[in-house]
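Please look through the model shown here before reading on, keeping the sequence beside it.

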Amino acid sequence: NFSRVTEFILLGLSDTRELQVLFFTFFFLAYAMVLLGNLFIIVTVRTDPKLSSPMYFLLCNLSFIDICCTSVTSPRMLVDLLSQRKAIAFEDCIAQLFFLHFVGASEMFLLTVMAYDRYTAICKPLHYTAIMSRQVCWVLVFACWAGGFLHSVVQTLLTVQLPFCGPNKIDNYFCDVPPVIRLACTDIYATEWLMASNSGLISLVCFLVLVTSYTFILVTIRVRFTEGHWKALSTCAAHVMVVTLFFVPCIFIYLRPFSTSPSDKHVCVIYTVFSPVMNPLIYTLRNNEVKASMWKL
């Protein structure tokens with residue numbers, strides 16, 4: 001009700017026409033890989049009875065979240081790369097911001113749950129089936145989505161209550177909280193601290209929980225090393241790669257109130273494009289069971 005700005009201008013990754021065409025080709029192929037790769041994982045897990053363990057159930061949900069996460073930003077980015085005027089309506093910008101944080105936070109929580117699943121399987125193998133039952137898995141997945149929704153509601157409400165009456169150029173290829181709130185015509189000191197303590201701390205705490213889980217796993221494997229534990233270690237190594245690609249850029253972006261850099265939009269590419277692309281590659285090429293099921297399918 002207090003906003004005079006009806007649209008924002010997304011400056012994108014580059015204003016050079018040749019680079020825009022190059023970026024369009026690369027990101028179109030990346031988006032196609034995300035859709036096809038993750039859909040293939042979902043179909044494979046759902047159709048093969050051998051892939052019914054909690055790890056593959058969580059992997060199936062991770063693939064679905066990756067599709068949602070990249071679909072929030074990539075289609076709009078691809079259209080803007082071929083457009084002369086990269087304008088987005090105020091309501092569309094807020095909607096993109098909401099869904100980005102909704103699925104992004106849900107993925108953070110889900111990756112943490114997947115680390116807990118590996119910790120339970122390796123450190124408490126005799127109690128694994130009782131601890132990670134199908135009912136528990138459903139509850140954990142629902143909690144991930146609920147947590148992501150609550151986080152996104154807070155971020156969105158803190159943004160829409162700000163007055164926007166002046167500049168409307170966003171130095172990014174999508175609408176996100178840090179660049180949007182800096183266009184507000186008011187003091188955003190308290191708002192930036194609240195948002196940093198929300199998004200930044202969620203990213204940092206989830207990352208620390210993940211690091212702690214993998215530390216316990218490594219200690220357990222070192223004490224009692226067997227062929228089965230080597231397989232578990234390989235699975236965890238792939239998980240660590242996904243975690244690093246996703247969490248480190250998020251911590252860099254959201255745990256820095258009152259600071260901005262032109263390189264921020266390039267860092268965003270890592271967790272909005274590269275991380276979803278790497279997930280199907282890592283979980284198929286480094287997992288013999290999934291590869292065998294895919295060949296069978």
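Predicted model: local features only at pLDDT ≥ 70, side-chain atom pairs only at ≥ 80, totals over all residues.

Residues are numbered from 1 along each chain as its sequence is written, and side-chain values use heavy atoms, with hydrogens and water left out.

An unreviewed UniProt entry lists residues 20–43, 55–74, 94–116, 136–154, 201–221, 233–255 and 267–285 under "transmembrane region"; UniProt positions are given in the numbering used here, feature names are shortened, and the annotations may be inferred rather than shown by experiment. Over residues 94–116 the model is 100% helix and 0% strand, with 33 Å between the end C-alpha atoms. The span 201–221 is likewise 100% helix and 0% strand, and its end C-alpha atoms lie 30 Å apart. Helices (H or I, at least four residues) and strands (E, at least two) are DSSP runs, numbered from the N terminus.

The structure holds six cavities of 30 Å³ or more. A cavity is a set of points, on a 1 Å grid over the protein atoms alone, where a 1.4 Å probe fits but cannot get out, and its lining residues have an atom within 4 Å of a point. Grid points are joined across faces, edges and corners, and a volume is the space filled by probe spheres set on the points.

The largest cavity has a volume of about 140 Å³ and a lining of 14 residues, of which His101, Gly104, Ala105, Met108 and Tyr254 lie nearest its centre. Helices α3 (90–123), α7 (189–223) and α8 (227–254) each supply at least two residues of this lining, and α3 gives the most, with five. By class, nine of the lining residues are nonpolar, five are polar and none is charged, where Ala, Val, Leu, Ile, Met, Phe, Trp, Tyr, Cys and Pro count as nonpolar, Asp, Glu, Lys and Arg as charged, and the others, Gly among them, as polar.

The second largest cavity holds about 120 Å³ of space, and of its 13 lining residues Pro178, Glu192, Met195, Ala196 and Tyr254 lie nearest the centre. Here α6 (177–181), α7 and α8 each supply at least two lining residues, with α7 giving the most, four residues. This lining has eight nonpolar, two polar and three charged residues.

Turning to the rings, the structure holds 21 aromatic pairs, a pair being rings of Phe, Tyr and Trp (its six-membered ring) whose centres lie within 6.5 Å, with planes under 30 degrees apart counted as stacked, over 60 as edge-to-face and the rest as tilted. Phe246 and Phe247 form an edge-to-face pair, at 5.6 Å centre to centre and 85° between the planes, and both residues are buried, that is, under 20% relative accessible area with a 1.4 Å probe and protein chains only. Ring pairs also link Phe64, Phe98, Phe99, Phe102, Trp145 and Phe149 into a cluster.

Ser275, in helix α9 (residues 264–285), counts as buried because its relative accessibility is 1%. Leaving aside neighbours within four places in sequence, Ser275 is in contact (heavy atoms within 4.5 Å) with Val242, Leu245, Phe246 and Ile270. Asp80, in helix α2 (residues 54–81), counts as buried because its relative accessibility is 5%, and Asp80 touches Leu10 and Lys86, not counting residues up to four places away in sequence.

Conventions
1 Å grid on protein atoms, 1.4 Å probe; cavity = no way out; pocket = protein on both sides within 12 Å on 5 of 7 lines; lining within 4 Å. Buried < 20%, exposed > 50% of the residue type's maximum accessible area, 1.4 Å probe, protein only.
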